[in-house]
Protein chains: 2
Amino acid sequence: MEIVRAIGDVRSHLAGVRKAGLRIGFVPTMGFLHAGHLSLVEESKKYSEIQVMSIFVNRIQFNDPKDFENYPVDLERDFALACDAGVELMFVPDEREMYRDRLAYVDVDVLTDNLCGARRPGHFRGVFTVVSKLFNIVQPDVSVFGQKDIQQAVSIEKMVGDLDFPVRIIIAPTVREDDGLAMSSRNARLSPDERNRALAISRSLRKAEELLRSGERGSEAITTAMRKIIEDSNPTSIDYISVVRYADLQFADVIREKSVIAAAVFYGATRLIDNMIVDMDGGGPRCLY
Amino acid sequence: MEIVRAIGDVRSHLAGVRKAGLRIGFVPTMGFLHAGHLSLVEESKKYSEIQVMSIFVNRIQFNDPKDFENYPVDLERDFALACDAGVELMFVPDEREMYRDRLAYVDVDVLTDNLCGARRPGHFRGVFTVVSKLFNIVQPDVSVFGQKDIQQAVSIEKMVGDLDFPVRIIIAPTVREDDGLAMSSRNARLSPDERNRALAISRSLRKAEELLRSGERGSEAITTAMRKIIEDSNPTSIDYISVVRYADLQFADVIREKSVIAAAVFYGATRLIDNMIVDMDGGGPRCLY
């Protein structure tokens, strides 16, 4: 695995790959890799021959400077894991390399109004801007995002479509611990007790699936049942439990088309998110989480 | 010259060109071509083997719907001129092809506050968004913009740098009629009398050069002299006569570094712009207009 820190080195390295007619798969990350990230590389291999990963903790997408400063970092471990997973080029720029100047930006309307966007002003603009930069630097054929950050994944899909980026976006299913907790770098910050209580989030999604299978289509009935389960786990606070249409991430009263049921909950100072895609094609609900 | 209307056709046409190792030059236009546009193709040939042009009247960069509706169109003449100039691929999408949906956008802070940006809210966002789309569709090695639209050219240069678009931006000098009038599709709308009065704009730039050469560095002294010349031509209104730094297009009281002197003036309903780049390298002022 080659590790490069300069934009020019990424370009010169990949020019040859592209000339050889090999397809480039790209997984952008903020590091502190876990099985979730590595599953994105596995997914990427289905569509491409050369795997590129970036690790860059993108300051401009953090609302809280403390959250940025506390973001866990372990590059040596990351490099070993990525190498084992088959990553051939690792791009690890520093902030100076990525943001010599910062006047231009990319944003997406509507899709970022709700869910995480509502309470994190500027967060998604930071994400879209850095992902656009990375796409322009790596010029991948395919790029894989995790379902866990569903608002990010869906709105990057939208960004790529609207701005005609020549890259195919794949959304890969959330990877979970054996007990159901969605994998996240933030899980490392949970105390054993918090971690145990946080299982209520995935439990609430299973409850939502149960209700959907029994014919329930009303968003309020579903989120009320979910809220009860999560409240019983004594969370520090509930940010949101919402049902939105997949197409535009706007609130839906009734689940009729492809939708997303998503939750964000604080345990202590740690904000955890999880979600389920509800596919209504072929009549019955198919739940992906 | 091949004429294509679908994004997919541009991509498939240029994939072969790219594979053959030929460099792609790109000149985006809104059509109604004149010698100014053709000079951009000439400039592009210095850096690339294959010349691509687009013609797309981009509704979202017009503040006034009437200005959009009245924008002159003559595609047959454009195609003949572009073909003669050596354009090999002409991309002429309709609005449906370019804007299936329109939630994502690109914008640049600071550089669009002054000059034309001050009175045309949303104009530059429309320009940056369509240019980003076109760059992602054509993926050119080099793209040429005219100095006449200096705020557009400088802020696209900035956008490309900040967002790491893999394209080199060239700014080509303004092409003028023999009498000094900067070429523009809008000149066709001027009455003979208006056209004659409009010569005051380029005359005022020559006056600015004269003052700079005689040692004047104060912006107010220079713009006051320019304003007198333009007011004597009985314009319908003067939008601005300004001195800004080239680096960030912010107003400068004194010309110390590379700067732009720019004017926008109405004659009848037609708004004309012109400008001069003042290069201060090597001591003396070098004026490009």
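Reader: What makes β1(A) and strand β4 of chain A a pair?

Author: This is a predicted model, in which local features need pLDDT of at least 70, side-chain atom pairs count only at pLDDT 80 or more, and totals for chains, interfaces and linings use all residues. Residues are numbered from 1 along each chain as its sequence is written, while chains are lettered from A and ligands numbered from 1 in the order in which they are written. Two strands pair if DSSP finds at least two bridges between them; β1(A) and β4 (residues 89-91) of chain A have three bridges, in the parallel sense, and therefore pair. Strands are DSSP runs (E, at least two residues), as helices are (H or I, at least four), numbered from the N terminus. Within this pair, A:Val4 stands opposite A:Phe91.

Reader: Why do β1 and β7 of chain A count as edges of the sheet?

Author: The open sheet has the order β1-β4-β3-β2-β6-β7 (chain A), with parallel pairing. β1 (2-4) and β7 (168-172) each have a single partner strand, so one side of each lacks a neighbour in the sheet.

Reader: What makes β5 of chain A and β5(B) a pair, and in which sense?

Author: These strands share five bridges in the antiparallel sense, and A:Val108 stands opposite B:Ala104.

Reader: How many residues of chain B are in contact with chain A?

Author: Contact requires C-beta atoms, placed from the backbone, within 7 Å; 25 residues of chain B are in contact with 25 residues of chain A. β5(B) gives the most to this side of chain B, with five residues.

Definitions and conventions:
Contact = placed C-beta atoms within 7 Å.
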